[in-house]
Amino acid sequence: MAKATYIVALDQGTTSSRAIVFNQQAELVASAQREFSQIYPQPGWVEHDPMEIWASQSACLTEVLAKAGIASEQVAAIGITNQRETTIVWNKHTGQPIYNAIVWQCRRTTEYCERLREQGWQDYIKQASGLQLDAYFSGTKLQWILDNVEGARQKAEAGDLLFGTVDSWLLWKLTNGRVHVTDYTNASRTMMFNIHRLEWDDKLLAMLNIPKQMLPEVRSCSEVYGKTNIGGRGGTRIPIAGIAGDQQAALFGQQCFASGMAKNTYGTGCFLLMNTGEQAVPSTHGLLTTIAFGLHGKVHYALEGSVFMGGATIQWLRDELGLIRDAADTEYFATKVDDCAGVYLIPAFVGLGAPYWDPYARGTIVGLSRGSNRNHIIRAALESIAYQSRDLLEAMQADANIALSQLRVDGGAVANDFLLQFQADTLATEVLRPALIESTALGAAYLAGLAVGYWPDLDSLAAHHQADRCFVPDGDEAKRQRLYQGWKQALEGSRRCYHPQD
Ligand SMILES: Nc1ncnc2c1ncn2[C@@H]1O[C@H](COP(=O)(O)OP(=O)(O)O)[C@@H](O)[C@H]1O
Ligand SMILES: O=P(O)(O)OC[C@H](O)CO
């Protein structure tokens, strides 16, 4: 009898690398996870060691196969999903990175962005790349490396250096330096890619002074890019057949294949993506236009809103205020009070992301009275996650003119029933939690499996999306509006509390 085969997803996140084995029913068979170092050389700067990323990711791959008890020839394909925007430059002859990876959270190029804004580039960037002019994206990070690492620019111009987001770096390592490729979703986060023409944009490259020869070739999200040898020379050669940035992979894993479907991932931050079909919808409400996936010769676009402080707000309650011992405790405390009693917490600790893009806003707690207690503050923190997501969805619906019928959710914080019920109430929309919340890894597995015929087509995946629970809105419209108005007022206050001239 032929042995069963599996798909392995490599999920390279901001704080850990993971590998997950899925079977043909899209069930999780085994997983392995390794954390790696976060490097903070200066306030606002964030780096990773690319070699540690690779070491942790390849160790997870070996470990997960051992845990699952499967031989490498039973792996039908590998899919890669990754933290996006994080920028790596390496020497193509030696395979050595020339600098640490500059992480998506790193703000070191804010001044580069200010300069580009003064030069009037903002509109062109938005029109060509779909992005806001911000240090979040790879373009200015790559420019910084070429400007600041000795000899980098000359080497890049001589064709000795390669650039990649984390997917490209892993693929290059997995194929022993043979394949230098990225996919549409990762390319669409670089601020160098034209999302309409589906090619590197010469004008943006000139603006950033980036030599084109260091960029990877851009391919679809589901095809065989190359093969990796597990078990060294002479070992089994496994196709690497799927790539997508982690938020796009989650959208795919949640099976939001049709226009108008949306998912929200509640991790450290929150990332809300809505599929807008084959049409790239420009945002006039502070969102990003990005590529959802490229498959079978077609590209689907998405509107995206990202919130910097999601579950991280809960970590702040735990680590800085000491109000809770464990993130899960928040549900117990929040439900000890009937409502927030007018207390709002605005977690603008690092400014505000979409749809406000205000780097100068600061965190506030407002509405405190003599009777306010820690339950109200904990509840306000959870509610802030839901309100920020509502801000995104309101912007999305205004941009795309689509009324959402259901929001699919995933990420660590969706274990919290209170949060999801409150989210459904404030959106007046059903919130659906799937049985398997590993949507990101599942999305990468689907993409790889589709490429090698492990799953024949999108329809064949439908049976694998199982609901765990659907949170139905309470229908109290007056309360919904009143509470949200309070949030909006509190938010305006947080934007006035610090100013660059201060
Ligand atoms: N039960 C819970 N209630 C609220 N927040 C939670 C809960 N469990 C985890 N979190 C939050 O979710 C985040 C972890 O989610 P995860 O998806 O692992 O994040 P990431 O992938 O960004 O590292 C943490 O910020 C944590 O505070
Ligand atoms: O690694 P995560 O899950 O925090 O996701 C990071 C995002 O891709 C950044 O855009």
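This is a predicted model: local features need pLDDT of at least 70, side-chain atom pairs count only at pLDDT 80 or more; totals for chains, interfaces and linings use all residues.

Colleague: What is the strand order in the open sheet of 6 strands?

Modeller: In general, strands of a sheet pair through backbone hydrogen bonds, either parallel or antiparallel. Here the order reads 3-2-1-5-14-13, and the pairing is mixed. Strand 3 (28–35) and strand 13 (222–230) are the edges, each pairing on one side only. On average, neighbouring strands are turned by 25° against each other, direction ignored; axes are lines fitted to C-alpha atoms (for helices, over the stretch in contact), with angles from 0 to 180 degrees between N-to-C directions.

Colleague: Do strand 13 and strand 14 pair in the parallel or antiparallel sense?

Modeller: Antiparallel, over 6 bridges, with strand 14 covering residues 236–245. Gly 226 has Ile 240 in strand 14 as its bridge partner. Helix 6 (residues 166–174) packs on this sheet, touching (heavy atoms within 4.5 Å) strand 1 (6–12), strand 5, strand 13 and strand 14, and its direction makes about 145° with that of strand 5. Helix 9 (residues 246–253) packs there too, against strand 5 and strand 14, at about 95° to strand 14.

Colleague: And which residues surround ligand 2?

Modeller: A residue counts as near if one of its heavy atoms lies within 4 Å. The shell includes Arg 84, Glu 85, Trp 104 and Asp 246. For polar contacts, look for pairs of N or O atoms within 3.5 Å; within protein, one must be able to donate a hydrogen and the other to accept it, and residues adjacent in sequence count only if both atoms are side-chain atoms. Oxygen atoms of ligand 2 lie 3.0 Å from a side-chain N or O of Arg 84, 2.7 Å from a polar side-chain atom of Glu 85 and 2.5 Å from a side-chain N or O of Asp 246. Taken alone, ligand 2 exposes 310 Å², and the protein buries 85% of that (Shrake-Rupley, 1.4 Å probe; for residues, only the protein chains shown count as cover).

Colleague: What is the backbone of Glu 85 doing, in terms of phi?

Modeller: Most residues other than glycine have a negative phi, and most peptide bonds are trans. Glu 85 has phi near 70°, a positive value, and sits in the loop between strand 5 (75–82) and strand 6 (88–91). The peptide bond from Ala 354 to Pro 355 is cis, with omega near -5°.

Colleague: Which residues come nearest to ligand 1?

Modeller: Of the 14 around it, Thr 268, Gly 311, Gln 315, Gly 412 and Asn 416 come nearest. Backbone N or O atoms lie 3.0 Å from a ligand 1 oxygen at Gly 311 and 2.8 Å at Gly 412. Helix 10 (residues 311–319) gives the largest share of the shell, 4 residues.

Note on methods
Residues are numbered from 1 along each chain as its sequence is written. Chains are lettered from A and ligands numbered from 1 in the order in which they are written. Side-chain values use heavy atoms; hydrogens and water are left out. Helices (H or I, at least four residues) and strands (E, at least two) are DSSP runs, numbered from the N terminus. Two strands pair if DSSP finds at least two bridges between them.
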